[in-house]
Number of protein chains: 2
Amino acid sequence: MTQQRGSGATPTISQVAAAAGVSKSTVSRAFSRPEMITAETVAHVMDVATRLGYVPNHTARALSTGRAGTVAIVVPDIANPFFPPLIRGAQAAADQAGFSLLLGDSDEDPTREDVLVGKFGPQTDGIVLASSRMTEEQIRAHAERRPLVLINRDVPGLPRVLIDTATGIAAAVEHLAGLGHRHLVYVSGPTSSWSNAERRRAVRAAGRRLGLKVSAVAARRSTYDAGVQRVDDILGSGASAVIAFDDLLAQGILAGLAARGVGVPDQFSVIGCDDVLAATMSPPLTTVSAHGGHAGRKAVDLLVSFLDGNEGDERRVLDTSLVLRSTTAPPAVRRN
Amino acid sequence: MTQQRGSGATPTISQVAAAAGVSKSTVSRAFSRPEMITAETVAHVMDVATRLGYVPNHTARALSTGRAGTVAIVVPDIANPFFPPLIRGAQAAADQAGFSLLLGDSDEDPTREDVLVGKFGPQTDGIVLASSRMTEEQIRAHAERRPLVLINRDVPGLPRVLIDTATGIAAAVEHLAGLGHRHLVYVSGPTSSWSNAERRRAVRAAGRRLGLKVSAVAARRSTYDAGVQRVDDILGSGASAVIAFDDLLAQGILAGLAARGVGVPDQFSVIGCDDVLAATMSPPLTTVSAHGGHAGRKAVDLLVSFLDGNEGDERRVLDTSLVLRSTTAPPAVRRN
DNA sequence: GTGAAAGCGCTAACAT
DNA sequence: ATGTTAGCGCTTTCAC
């Protein structure tokens with residue numbers, strides 16, 4: 001009972017077979033295993049197929065083979081500029097491997113995320129979980145039922161791709177120290193974010209190593225507004241430079257600083273993270289590159305290779321580096 | 001041949017039926033139409049089902065019913081900031097209606113778009129096409145085979161949601177005229193974009209009506225870099241204000257202007273479109289709001305209502321308006 | 001190299 | 001209210 005609106009129904013493999021004067025199997029093979037049959041036969045079948053407008057029915061194939069031909073990706077917030085490039089990379093890799101990409105947005109809510117992944121499970125071959133906010137137990141439970149690849153979440157035993165912002169952050173702290181800064185402040189992002197924990201830790205460690213004082217300000221949400229709202233705290237900390245959890249926050253901080261007449265980089269230095277908006281800010285933001293697109297692509301590649309029977313606990317670490325632009329300079333005596 | 005990694009294979013409806021001592025139909029009904037059978041039976045079946053860890057197979061159900069439970073959305077470029085909110089709206093609406101959302105990125109390429117839509121056709125209940133670059137013929141051909149809803153593309157007879165930026169643009173031109181500008185320039189975006197044609201037309205019409213001179217500069221691609229690169233042409237046109245196809249372009253123009261020491265809004269006024277980045281720029285950009293999120297949501301709602309048997313040619317127009325921020329002011333004598 | 005036939009797991013008439 | 005029986009469109013042994 002294929003419900004069909006619009007005009008003509010999509011032809012099935014049987015109709016193509018009939019029209020081409022061959023069997024269903026031949027048509028099937030022409031599409032899935034062309035090397036198994038004569039080149040002429042393939043050509044003929046293809047010819048008839050295209051003339052009839054035949055397109056293989058993905059669902060039927062999935063039922064028959066047990067492979068859905070679909071992978072899902074779930075992210076905390078599509079609108080956060082960190083994710084679109086990542087999704088784009090995932091979609092490209094999926095497409096290339098012959099998979100379709102199902103998209104889920106958990107709205108930063110672990111519960112919604114849990115439901116979403118549960119729902120996707122039965123209808124996909126595997127799932128990519130980006131910046132998951134779920135507990136390790138929840139994640140493991142899902143991994144038990146379906147192949148799962150994590151992005152920016154380090155759960156031993158599960159395949160995962162990690163963007164190693166820690167090294168980039170360390171370089172950022174060194175850069176600041178080299179410029180003469182003695183006191184800096186880290187503005188943190190989402191509490192349950194692995195990346196945030198990594199970055200906070202990296203700032204602290206580098207600060208300690210270089211003998212800098214490191215203050216902390218919690219922004220919690222990663223938004224422009226949260227950034228501008230934290231400016232008073234940032235200025236109040238007495239630091240001369242700030243490292244923000246991500247570019248979005250840094251952008252807000254930049255605006256807030258400007259609104260208070262604090263010049264960047266002359267009176268205050270700021271460094272972001274991810275390099276997703278940095279090039280388009282004024283002044284252009286010094287930031288830590290993240291290559292979200294690579295991560296998305298790599299995650300899907302890992303998933304596909306896992307589906308092909310390869311290792312299931314690979315831990316891929318992606319490099320980052322500091323990219324210098326125009327928001328850092330030697331510290332200045334603060335006017336008040 | 002259900003391939004299964006992770007733990008034990010998922011039980012099928014038959015196994016549940018056997019274990020519960022009922023027929024497959026009863027189990028099926030217990031899940032899909034519980035009101036058709038005794039409450040006790042339902043309870044018993046459910047009990048056995050959960051004990052066995054049974055989960056209905058989405059794919060099998062889809063094949064049997066002809067409804068995939070999935071809708072697809074294809075966009076020209078996920079990374080263009082106009083689309084994430086739109087996708088987010090679509091995903092939310094789909095989720096709410098019980099559908100999963102398949103995502104496709106055509107990379108601004110009509111051919112890729114065509115292939116993508118063709119591929120999604122058989123595995124979805126319907127498709128949302130945002131800012132399609134395909135020809136009207138191609139679109140109609142797809143609409144013939146699958147329910148289709150267009151966003152920002154006006155094809156008579158097909159359901160579509162249109163963001164009426166023309167009225168917002170007209171307001172922008174009036175605003176500029178009111179400020180005293182006599183000559184403005186429109187920086188156009190993608191050639192095959194319906195929105196671009198609408199906006200260009202609206203600028204021209206309003207300019208004529210108000211007796212303003214209107215020049216044009218082609219940016220073609222909607223990117224920050226394209227914006228900065230067009231600044232010489234913009235300045236060379238002799239205009240005192242610019243209206244850009246979208247915020248991305250406007251952002252680049254702002255940066256390019258700043259780089260040349262042209263003050264905004266004192267020496268030059270700029271207005272963007274879409275309101276996707278405008279609030280986070282410095283100075284905050286005056287722009288035309290677009291509400292991409294609404295459009296995404298509305299499109300999926302239309303699609304779902306279409307699938308439920310309602311009208312298939314609705315034309316939904318979404319309002320826009322000019323939002324004044326800080327990039328416009330009366331024209332100044334240009335220093336050179 | 002190609003065809004025939006048996007399913008994949010589920011739903012939906014049609015009985016009973 | 002529940003069971004029986006065909007398929008949905010495709011892949012895949014197994015013959016030829």
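## Largest cavity

The largest cavity has a volume of about 180 Å³, a volume being the space filled by probe spheres set on grid points that are joined across faces, edges and corners. The model is predicted, so local features need pLDDT of at least 70 and side-chain atom pairs count only at pLDDT 80 or more, while totals for chains, interfaces and linings use all residues. Residues are numbered from 1 along each chain as its sequence is written, chains are lettered from A and ligands numbered from 1 in the order in which they are written, and side-chain values use heavy atoms, with hydrogens and water left out.

Over the whole structure, five cavities of 30 Å³ or more are found. A cavity is here a set of points, on a 1 Å grid over the protein atoms alone, where a 1.4 Å probe fits but cannot get out. The lining of the largest cavity consists of 14 residues, and those nearest its centre are Thr59(A), Thr70(A), Gln123(A), Thr70(B) and Gln123(B); a lining residue has an atom within 4 Å of a point. Two elements give two or more residues to this lining: helix 4 (58–65) of chain A and helix 4 (58–65) of chain B. Helices (H or I, at least four residues) and strands (E, at least two) are DSSP runs, numbered from the N terminus. By class, the lining of the largest cavity has six nonpolar residues, eight polar and no charged. In this division Ala, Val, Leu, Ile, Met, Phe, Trp, Tyr, Cys and Pro are nonpolar, Asp, Glu, Lys and Arg are charged, and the others, Gly among them, are polar.

## Relation of the two chains

Chain A is superposed on chain B by a rotation of 179° with 0.8 Å of shift along its axis, at an RMSD of 1.2 Å. The two copies are thus related as by a two-fold rotation axis. The same surface serves both copies, since 91% of the contact residues of chain A recur in chain B. The superposition is by least squares on the C-alpha atoms of residues with pLDDT of at least 70 in both copies, and contact means heavy atoms within 4.5 Å.

No disulfides (pairs of cysteine sulfur atoms within 2.5 Å) are found in a search over all chains. Cys273(A) is buried at a relative accessible area of 0%, and Cys273(B) is also buried, at 0%. Buried means under 20% relative accessible area, exposed over 50%, and partly exposed in between, with a 1.4 Å probe and protein chains only.

Cys273(B) is one of the contacts of Ile169(B); the others, leaving aside neighbours within four places in sequence, are Arg199(B), Ala202(B), Val203(B), Ile243(B) and Val288(B). Ile169(B) lies in helix 8 (residues 165–179) of chain B and is buried, with a relative accessible area of 0%. Its C-alpha atom is separated by 7.3 Å from that of Leu322(B), 153 residues apart along the chain.

## Buried loop residues

Ala290(A) sits in the loop between strand 10 and helix 13 (292–307) of chain A, where it is buried at a relative accessible area of 0%. Not counting residues up to four places away in sequence, Ala290(A) touches Phe82(A), Ile163(A), Asp274(A), Asp275(A) and Thr320(A).

In chain B, Ser222(B) belongs to the loop between strand 7 (213–218) and helix 10 (224–229). Ser222(B) counts as buried at 11% relative accessibility. The C-alpha atom of Asp247(B), 25 residues apart along the chain, is separated from that of Ser222(B) by 8.9 Å.

## Backbone geometry

One joins Val264(A) and Pro265(A), with omega about 10°; Pro265(A) is in the loop between helix 12 (247–259) and strand 9 (269–274). Another runs from Ser282(A) to Pro283(A), with omega near -5°, and Pro283(A) is in the loop between strand 9 and strand 10 (286–289).

Positive phi values also occur in residues other than glycine. Glu108(A) has phi near 65° and is found in the loop between strand 2 (100–105) and helix 6 (110–120) of chain A. Glu108(A) is partly exposed, at 27% relative accessibility. Asp274(B) has phi near 110°; it is placed in strand 9 (residues 269–274) of chain B and is buried, with a relative accessible area of 6%.

Notes: 1 Å grid on protein atoms, 1.4 Å probe; cavity = no way out; pocket = protein on both sides within 12 Å on 5 of 7 lines; lining within 4 Å.
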